[in-house]
Amino acid sequence: MATVTRAAPLRILCIHGYRQNSGSFREKTGALRKLLKKYVELVYMSAPHRVPQTGDAQGKENEVGPGSDEAPRGWWFSDTQARSFDAGQQCQASLGLEESVEAVRTAVKDLGPFDGVLGFSQGAALVAVLCSIQEQNLEPQFQFRFAILVAGFRSACSEHQRFYGGPASLAIPSLHIFGQEDQVIPDRMSRELLPLFQEPLVLTHPGGHFVPAASAHRQTYQEFLKRFQ
């Protein structure tokens, strides 16, 4: 009897949202890991910047749970004085993006290789930046074959606009996921990323600010991922 060889799971680097960390994002994506356990291995990393314990405009939905043993973290701050972040805040300069790109570079070197990268909320905004850096061949460590952006958005910071080229400037295959009732990152903000990518695949869900993993979403995930197995 012939032996059926199953393809090795795709390794995906997971980039959490603002006020989260690797542990809390792993907990929040438990249903996704279960849904895709035959196909992917999700590897988590934490942002390099601790988020001060003050109220800011990014909302409470992203916060780490009370049982977490790690501080909430972020990838950059839009308010450099208060060290806070708001996705809609217009700013000339941010604080921390360079260190976050370096942290991803280190994670790829130490934990990789990776087939793809997945980001949520501010993490998805960072993934769009990483895709631009890879497209421009600015970082040889970045060799992602695909990107998944959940509740992503374009940074409103002026110094980040260099990462956003013309229409369809990013060739990397991409899956964009957003909720129609997302009150933290409205779906209109996520849709603003779509023109940057060549033939982006879109998955919408009727919920809010989270990574969807219902059985109804399995087919879209699987059809996207099987292209890389």
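Let's start with Ser-22: its relative accessibility is 18%, so Ser-22 counts as buried, given that the cut-off for buried is under 20%. This is a predicted model, by the way. Ser-22 sits in helix H1, which covers residues 22-28. Leaving out residues up to four places away in sequence, Ser-22 touches His-16, Tyr-44, Met-45, Ser-46 and Glu-70.

Tyr-44 takes us to the strands. In S2, Tyr-44 stands opposite Cys-14. Strands S1 (residues 10-15) and S2 run parallel, with 6 bridges joining them. How many of the 6 residues of strand S2 are buried? The count is 5, so S2 (residues 40-45) is largely enclosed by the rest of the structure.

Now for the core. The largest nonpolar core has 69 residues, and Ile-15, Val-104, Ile-148, Tyr-221 and Leu-225 are those with the most contacts inside it. Helix H4 (residues 122-135) gives the most to this core, with 9 residues. As a general point, nonpolar side chains in soluble globular proteins tend to be buried together.

Residues up to four places away in sequence aside, Tyr-221 touches Leu-32, Leu-35, Leu-36, Leu-175, Ile-177, Leu-203, Val-211 and Pro-212.

That list ends with Pro-212, found in the loop between strand S8 (201-205) and helix H6 (218-225). Is Pro-212 buried or exposed? With 1% relative accessibility, Pro-212 counts as buried. Neighbours within four places in sequence aside, Pro-212 is in contact with Leu-32, Val-150, Ile-177, His-205, His-217 and Tyr-221. Tyr-164, in contrast, is 48 residues from Pro-212 in sequence and 27 Å from it in space, C-alpha to C-alpha.

| Residue | Relative accessibility |
|---|---|
| Ser-22 | 18% |
| Pro-212 | 1% |

On to the aromatics. The structure holds 10 aromatic pairs. Ring pairs link Tyr-18, Trp-76, Phe-77, Phe-85 and Phe-153 into a cluster.

Some of these names come back around the cavity. Which residues line the largest cavity? The lining is made up of Trp-76, Ser-78, Phe-85, Asp-86, Ala-87, Gln-89, Cys-91, Phe-153, Ser-155, Ala-156 and Cys-157. Searching the whole structure turns up 1 cavity of 30 Å³ or more, and about 30 Å³ of space lies in the largest cavity. Trp-76, Phe-85 and Phe-153 belong to the ring cluster and also line the cavity.

Definitions and conventions
Residues are numbered from 1 along each chain as its sequence is written. This is a predicted model: local features need pLDDT of at least 70, side-chain atom pairs count only at pLDDT 80 or more; totals for chains, interfaces and linings use all residues. Side-chain values use heavy atoms; hydrogens and water are left out. A nonpolar core is a set of buried Ala, Val, Leu, Ile, Met, Phe, Trp, Tyr and Cys residues joined through side-chain atoms within 4.5 Å. Buried means under 20% relative accessible area, exposed over 50%, partly exposed in between (1.4 Å probe, protein chains only). Helices (H or I, at least four residues) and strands (E, at least two) are DSSP runs, numbered from the N terminus. Contact means heavy atoms within 4.5 Å. Rings of Phe, Tyr and Trp (its six-membered ring) pair if their centres lie within 6.5 Å; planes under 30 degrees apart count as stacked, over 60 as edge-to-face and the rest as tilted. Two strands pair if DSSP finds at least two bridges between them. On a 1 Å grid over the protein atoms alone, a cavity is a set of points where a 1.4 Å probe fits but cannot get out, and a pocket is an open set with protein on both sides within 12 Å along at least five of seven lines; lining residues have an atom within 4 Å of a point. Grid points are joined across faces, edges and corners, and a volume is the space filled by probe spheres set on the points.
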